[in-house]
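Please read the following alongside the sequence and the 3D view.

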Amino acid sequence: MSDEAWFDQFIQLGAGGATRYGAAMQACTAQLTTLFERVTGPYSGLDPAELLRRLHAVDFSATSVRPLDDVLEEVSRDIASHAIVVQHPNCIAHLHTPPLVSSLAAERFIAAQNLSMDSWDQSGAATFVEQKVVGHLCGLFGYPDGADGVFTSGGTQSNIMALLMARDWFLWERYQYRVQFNGLGAFAERLRIVASAKSHFTVDKAASVMGLGEKAVVKVPVLDDGSMDANQLDAIVDQLLADGLIAFALVGTAGTTDHGAIDDLGRLAAVARRHGMWFHVDGAYGSALILGEERHRLAGLEQSDSLTVDFHKMWFQAVSCGTLLLREGTRFRHLLYKSEYLNRDTDDLPNLVDKTLSTTRRFDALKVYVMLRAVGTEVLGRMVDHLLRQTRKVADLVRLHSGFELLAPPRLSTLLFRYVGHAAGGDMDAFNRRLRAHLLTSGQAVLGETTIAGRAALKLTLLNPCLLMDDFDRLLSMIADAAERLD
Ligand SMILES: Cc1ncc(COP(=O)(O)O)c(C=O)c1O
């Protein structure tokens, strides 16, 4: 082996070549194990201004190589110790799960092999694994033969890709117009996406990225539970068409971010079919129901043209891990670009870049493969069922607590509530916002904050199947105590 200094910075092949890598991984594991053993809150409580000052003071101008162990110690002490602890019982704000240990193990392979999924000659077996996992998922969600999918960085990318293909497919099928080549042309002003008022903001973002503008998203009002008022849908689409507009896509949400509401997917599918629209389901959150006893709530999803699934939400995977499935896999052709250096027409082996907006892309499918092999859908389904049941029980705790008001019955694993005790005074909105910020920066609890029917709300998002009811008893008491002591 050469004695050049940088050789040490890489894994070398052959006997002993990965020794330094092994030692570095062990050092990381040791640092993290200590951190997890000692952690006392979901955030250290260090004043964020002081944290910013310290991190800005870090000097990147070093000219000599430093021992990695020293840097890892620094990372653990100065960064990891002041990061949000997703495993902590009081870290319960977002659709942000503690990852399965099997997912972290898969991450080791993903990182060390550093494969890229754009072409077979950068991935080998990994391409076939992604195809195998995608095929399994298509079957799980009831898609027919010919369905296909691709892994994405998450719900945002999946939603954007789905709506982009919906637009290009629609204009091709209806007008034999190729947006990929021609741009939007005269269609720019007339294209519309129909979605509920509680659909995820990435639907608006997709419209903006696609050059349609947010105005292109027509919002159907929602019922009290946060799901689309499907009774109004037909009339809204009819009106768009009567106005000479082109309603090319209907978005149903299986699990809205705040309420966890699931649209009536069967009814939406029928409306989309009637008008020849592309029916996309954003199942970033609620798709995991397919694993458990409440899968019937997703009825109609199997009729969708595309489906967003986020494994880094209620499928307990390390960030990032998502997929976009298409009922008719051939429609991925609307994302197809050929390049002489990467995915030639003459290639016999598959190049998954053909189906996605990304080029270089992680082998996240391995995490799902390992989860399916090591944990299995039966246990995963029980975890999901447990979270849904537990959320209903926690809602009962909130209802019984005189200091809190439950703002909506839970639909999935979120709870919308607010502090209404005497300490709140006159301006409950401002008080609840201040309370959340105080709990976060003091390191006591990481709660969600949103607005429900114009009122500031606190939100719990249950995604940690290891929590016990005692954890929630303690959390609610702690929030009430903190509210009473807030200046
Ligand atoms: C319903 C819904 N769709 C899409 C997204 C975006 O997903 P991601 O954060 O994985 O990009 C989210 C994120 O919370 C979501 O709740």
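This is a predicted model: local features need pLDDT of at least 70, side-chain atom pairs count only at pLDDT 80 or more; totals for chains, interfaces and linings use all residues.

Residues are numbered from 1 along each chain as its sequence is written, and side-chain values use heavy atoms, with hydrogens and water left out.

The protein chain is assigned domain 1 (21-58 + 66-83), domain 2 (116-374) and domain 3 (378-485); such bounds come from an automatic or database domain assignment. Taken over C-alpha atoms, the centres of domain 1 and domain 2 lie 38 Å apart.

Around the ligand there are 13 residues, counted as near if one of their heavy atoms lies within 4 Å of it. Thr-156, Thr-257, Asp-282, Asp-310 and His-312 come nearest. By class, the shell holds two nonpolar, eight polar and three charged residues; Asp, Glu, Lys and Arg count as charged, and Gly is among the polar ones. Helix H6 (residues 155-175) supplies the largest share of the shell, three residues; helices are DSSP runs (H or I, at least four residues), numbered from the N terminus.

Next come the polar contacts, meaning pairs of N or O atoms within 3.5 Å. An N or O atom in the side chain of Asp-310 is 2.6 Å from an oxygen atom of the ligand. The side chain of Asp-282 has an N or O atom 2.7 Å from a nitrogen atom of the ligand. For Thr-257, a polar side-chain atom lies 2.8 Å from a ligand oxygen atom.

Methods. A polar contact is a pair of N or O atoms within 3.5 Å; within protein, one must be able to donate a hydrogen and the other to accept it, and residues adjacent in sequence count only if both atoms are side-chain atoms. Helices (H or I, at least four residues) and strands (E, at least two) are DSSP runs, numbered from the N terminus.
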